[in-house]
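Keep the sequence and the 3D view side by side.

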Amino acid sequence: MVRTIKSEQKVTVDPDSGVEVTVKARHVTVKGPRGTLNRHFKRQLMDIKQKDANTILVSKYFGSKKENAAVGSVVGHIQNMITGVTKGFRYKLRCVYAHFPINTSILDDGKVLEIRNFLGEKAVRRITMLEGVKAVRSEKIKDEILIEGNDLDNVSQSAAKVHDCTMVRGKDIRKFLDGVYISAKENIV
């Protein structure tokens, strides 16, 4: 098995965007106009260095194929953090139903989402949003929920929690298509 001597990728920050990135011991902090995001890459055995104020180098020496692929994953996480503090992330969810209308209510300033009358059930489904994520009802489209935040992982995980709690179980899913589905993924700004 041949190992690559050095696998390296770099992240470049636009100096006009107002983003400040600091790296210390594989702990990356990104500050921008929309807030601050932190991420620990402690488990990834690779070098993360700040070459200058606008460039970050991620490198791995003598890595296997999977370890070299992890370099690209770390770079992607850092780029998503930069996008989050400049533009933010928004997931659009649509309530789909055939007979029983799904009622949604947003509580605690967007921190909790309640789903009622799913398939006519009396059970109330409560979904708590993750840290830094806010649920908002769409003003333009009926039965649409917007999930917004700066951290892509938390926004997508919160949207997945909403989708998973309305999965139809014990019935033919080809016939019972009711649920809350992700319809679009976009940036806020």
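In which strand is Ile-106 found? Ile-106 is found in strand S8, which covers residues 103-107. The model is a predicted one.

Move on to strand S10, residues 125-128, where Ile-127 has its place. Is Ile-127 buried or exposed? With 4% relative accessibility, Ile-127 counts as buried. Follow the chain from here to Lys-51. Ile-127 and Lys-51 are 76 residues apart in sequence. In space, the distance is 42 Å from C-alpha to C-alpha.

Gln-44 belongs to a loop. That loop runs between S4 and strand S5, residues 47-52. Gln-44 has a relative accessibility of 30%, so this residue counts as partly exposed. How far apart in space are Gln-44 and Leu-57? The answer is 14 Å, C-alpha to C-alpha, for a sequence separation of 13 residues.

Ala-25 lies in the loop between strand S2 (20-24) and strand S3 (27-32). Arg-26 is placed in the loop between S2 and S3 too. What is phi of Ala-25? Phi of Ala-25 is near 55°, which is positive in a residue other than glycine. Arg-26 also has a positive phi, near 60°, and is likewise a residue other than glycine. Their accessibility can be read next. Ala-25 counts as exposed, at 75% relative accessibility. Arg-26 has a relative accessible area of 25% and is therefore partly exposed.

Now take the helices. H1 has 22 residues. From its first C-alpha to its last, H1 reaches 33 Å. That is close to the 32 Å expected at 1.5 Å a residue. Which residues of H1 are buried? They are Asn-68, Ala-70, Val-71, Val-74, Val-75, Ile-78, Met-81, Ile-82, Gly-84 and Val-85. After H1 comes Gly-88, with a positive phi near 80°.

H2 can be checked in the same manner. Its 14 residues should span 20 Å at 1.5 Å a residue. The end C-alpha atoms of H2 are 20 Å apart, so the span agrees with the expectation. The buried residues in H2 include Leu-152, Asn-154, Val-155, Ser-158, Ala-159 and Val-162.

How many cavities of 30 Å³ or more does a search of the whole structure find? The search finds one. The largest cavity holds about 50 Å³ of space. Its lining is made by Leu-37, Arg-39, His-77, Asn-80, Met-81, Asn-150, Asp-151, Leu-152 and Asp-153. H1 provides the largest share, with three residues. By type, the cavity lining divides into three nonpolar, three polar and three charged residues. Met-81 is buried in H1, and Leu-152 is buried in H2.

Then the open space. The largest pocket has a volume of about 160 Å³. Which residues line the largest pocket? They are Gly-35, Thr-36, Leu-37, Asn-38, Glu-131, Gly-132, Asn-150, Asp-151 and Asn-154. S4 gives the most to this lining, with four residues. The pocket lining divides into one nonpolar, six polar and two charged residues. Compare the two linings. Leu-37, Asn-150 and Asp-151 line the largest cavity, and Leu-37, Asn-150 and Asp-151 also line the largest pocket.

Finish with the rings. The structure holds zero aromatic pairs. Where does the charged end of Lys-171 sit? The charged end of Lys-171 sits over the ring of Phe-176, 5.9 Å from the ring centre.

Terms used:
Residues are numbered from 1 along each chain as its sequence is written. This is a predicted model: local features need pLDDT of at least 70, side-chain atom pairs count only at pLDDT 80 or more; totals for chains, interfaces and linings use all residues. Side-chain values use heavy atoms; hydrogens and water are left out. On a 1 Å grid over the protein atoms alone, a cavity is a set of points where a 1.4 Å probe fits but cannot get out, and a pocket is an open set with protein on both sides within 12 Å along at least five of seven lines; lining residues have an atom within 4 Å of a point. Grid points are joined across faces, edges and corners, and a volume is the space filled by probe spheres set on the points. Helices (H or I, at least four residues) and strands (E, at least two) are DSSP runs, numbered from the N terminus. Ala, Val, Leu, Ile, Met, Phe, Trp, Tyr, Cys and Pro count as nonpolar, Asp, Glu, Lys and Arg as charged, and the others, Gly among them, as polar. The expected span of a helix is 1.5 Å times one less than its number of residues. Buried means under 20% relative accessible area, exposed over 50%, partly exposed in between (1.4 Å probe, protein chains only). Rings of Phe, Tyr and Trp (its six-membered ring) pair if their centres lie within 6.5 Å; planes under 30 degrees apart count as stacked, over 60 as edge-to-face and the rest as tilted. A charge sits over a ring if NZ of Lys or CZ of Arg is within 6 Å of the ring centre and within 35 degrees of the ring normal.
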